[in-house]
Amino acid sequence: MGAVLEFILFSRCNCTLCEAMEDELRPYIKKYSMTVKRQYIDNDAELERRYGSKVPVLTLAGKTLCEYFLNAETLLTVLSEQQPDEKR
């Protein structure tokens with residue numbers, strides 16, 4: 001079994017788009033070896049500068065995968081590149 005992929009979901013408090021992306025990620029979390037850490041940008045000047053109104057932003061190893069909405073095709077591509085023999 002491969003290593004667990006640790007994604008970060010940059011978001012804001014009370015953000016409906018952020019909550020929607022988190023909900024959309026749940027089936028992938030169950031199916032693949034991945035975790036998603038929710039990182040709030042509120043009250044963090046550096047994260048506010050970097051992500052501002054782009055949230056939610058899903059990243060892996062510092063690379064932005066999608067903003068605003070989950071791009072399932074991009075996510076599946078990343079998962080298949082990282083875990084080519086698992087659960088496809």
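**Salt bridges on the fold**

Guide: The chain holds three helices and four strands. This is a predicted model. Read from the N terminus, the elements run β-α-β-α-β-β-α. The radius of gyration is 13 Å, close to the 12 Å that the globule rule gives for 88 residues, so the chain is as compact as a globular protein of that length. The C-alpha atoms fill a box of roughly 40 × 20 × 15 Å along the principal axes. Of the 88 residues, 35% count as buried. Among contacts with a separation of 6 or more, 68% are between residues 24 or more positions apart.

Next, the charges. The chain carries 12 positive and 14 negative side chains. The centres of the two sets lie 1 Å apart. The accessible surface is about 5,500 Å², and carbon and sulfur atoms account for 50% of it.

The salt bridges number six. Take arginine 12 and glutamate 48, one of these pairs. Their side chains meet at 2.8 Å, N to O. Arginine 12 sits in the loop between strand 1 (5-11) and helix 1 (16-31), while glutamate 48 belongs to helix 2 (residues 45-51), so the pair ties together parts that are 36 residues apart in sequence. Arginine 12 has 22% relative accessibility and counts as partly exposed. Glutamate 48 is also partly exposed, at 29%. A network of salt bridges links Arg12, Asp42 and Glu48.

Now move to arginine 38 and glutamate 22. Their closest N and O atoms are 2.6 Å apart in a salt bridge. This pair links distant parts of the chain: arginine 38 is in strand 2 (residues 34-40) and glutamate 22 is in helix 1, 16 residues apart. Glutamate 22 counts as partly exposed, with 24% relative accessibility.

Back to helix 2 for another pair. Arginine 49 and glutamate 46 form a salt bridge, at 2.7 Å from N to O. The two are three residues apart in helix 2, so about one helical turn separates them. Arginine 49 is exposed, at 60% relative accessible area. Exposed means over 50%, so glutamate 46, at 35%, counts as partly exposed.

To place the pairs again: arginine 12 joins a loop to helix 2 through glutamate 48. Arginine 38 joins strand 2 to helix 1 through glutamate 22. Arginine 49 and glutamate 46 both lie in helix 2.

Methods: Residues numbered from 1 in each chain as written. Predicted model: local features only at pLDDT ≥ 70, side-chain atom pairs only at ≥ 80, totals over all residues. Heavy atoms only, no water. Rg over C-alpha atoms; globule rule 2.2 N^0.38 Å. Buried < 20%, exposed > 50% of the residue type's maximum accessible area, 1.4 Å probe, protein only. Contact = heavy atoms within 4.5 Å. Areas by Shrake-Rupley, 256 points an atom, 1.4 Å probe, with all protein chains shown as cover. Lys, Arg positive; Asp, Glu negative; His and termini not counted. Charge placed at Lys NZ, Arg CZ, Asp CG, Glu CD. Salt bridge = Lys/Arg side-chain N within 4 Å of Asp/Glu carboxyl O.
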